[in-house]
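The report below goes through a structure by its helices, its contacts and its charged pairs. Please keep the sequence and the model in view while reading.

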Amino acid sequence: MVVATLRLPRRGAENELDRLYRRHADEVLRYAQLVLRSQPDAEDVVQTTFVRAFRALERGEQVQKPRNWLIKIAHNECRRFLAARKF
């Protein structure tokens, strides 16, 4: 029998993510578009980037430079996307 547990988000993680998204989503999208050269693919990467950022914030990760942190996550997501595209 598999038992699912509900994990509540760390207090403030949702608010922090919302603030980061409003401030940096356009920049993350531009970066992903430059790398992937595709608007739909870049939008997918942005979505995945912010999901990963939310999970990190839930775990309590402290971010010193949010813009750099998000671009790094997006960079890694672009690499994953391009690697998966090769197959």
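## Terms and basis

Throughout this report, a residue is called buried under 20% relative accessible area, exposed over 50% and partly exposed in between, with a 1.4 Å probe and protein chains only. By that scale Arg80, at 46% relative accessibility, counts as partly exposed.

The model is predicted, and local features need a pLDDT of at least 70, side-chain atom pairs count only at pLDDT 80 or more, while totals for chains, interfaces and linings use all residues. Residues are numbered from 1 along each chain as its sequence is written, and side-chain values use heavy atoms, with hydrogens and water left out.

## Overall architecture

The secondary structure of the chain comes to three helices and zero strands, and the pattern read along the sequence is α-α-α. Helices (H or I, at least four residues) and strands (E, at least two) are taken here as DSSP runs, numbered from the N terminus. Of the 87 residues in the chain, 32% are buried.

## Helix 1 against helix 2

Helix 1 (residues 13-36) and helix 2 (residues 39-58) have axes that come within 8 Å and cross at roughly 145°. The axes are lines fitted to C-alpha atoms, for helices over the stretch in contact, and the angles run from 0 to 180 degrees between N-to-C directions. The crossing of helix 1 past helix 2 is right-handed, a term used when the near helix is turned clockwise from the far one by less than a right angle, with anticlockwise giving left-handed. Sorted by class, the contact between helix 1 and helix 2 has 16 nonpolar, four polar and five charged residues; here Ala, Val, Leu, Ile, Met, Phe, Trp, Tyr, Cys and Pro count as nonpolar, Asp, Glu, Lys and Arg as charged, and the others, Gly among them, as polar.

Leu17 lies in helix 1 and, at 17% relative accessibility, counts as buried. The C-alpha atoms of Leu17 and Leu57 are separated by 7.8 Å, although the two residues are 40 residues apart along the chain.

## The aromatic pair

A search of the whole structure finds one aromatic pair. Rings of Phe, Tyr and Trp (its six-membered ring) pair if their centres lie within 6.5 Å, and planes under 30 degrees apart count as stacked, over 60 as edge-to-face and the rest as tilted. The partners are Tyr21 and Phe50, in an edge-to-face arrangement with 4.9 Å centre to centre and 70° between the planes. This pair links distant parts of the chain, with Tyr21 in helix 1 and Phe50 in helix 2, 29 residues apart.

The two partners fall into separate accessibility classes: Tyr21 counts as partly exposed because its relative accessibility is 43%, and Phe50 counts as buried because its relative accessibility is 5%.

## Salt bridges within a helix

The structure holds seven salt bridges, each being a side-chain nitrogen of Lys or Arg within 4 Å of a carboxyl oxygen of Asp or Glu. One of them joins Asp18 to Arg22, with the closest N and O atoms 3.0 Å apart. Both residues lie in helix 1, four residues apart, about one turn of the helix. Asp18 counts as partly exposed at 39% relative accessibility, whereas Arg22 is exposed, with a relative accessible area of 60%.

Another bridge is formed by the side chains of Arg80 and Glu77, which meet at 2.5 Å, N to O. Arg80 and Glu77 both lie in helix 3, three residues apart, about one turn of the helix. Glu77 is buried, with a relative accessible area of 7%. Salt bridges that share partners join Arg52, Glu77 and Arg80 into one network. The side chains of Glu77 and Arg52 are also joined by a polar contact of 2.3 Å, a polar contact being a pair of N or O atoms within 3.5 Å, where within protein one must be able to donate a hydrogen and the other to accept it, and residues adjacent in sequence count only if both atoms are side-chain atoms.

The side chains of Arg85 and Asp41 meet in a salt bridge of 2.8 Å, N to O. This pair links distant parts of the chain, with Arg85 in helix 3 (residues 66-85) and Asp41 in helix 2, 44 residues apart. Arg85 is partly exposed, with a relative accessible area of 45%, while Asp41 counts as buried at 18% relative accessibility.
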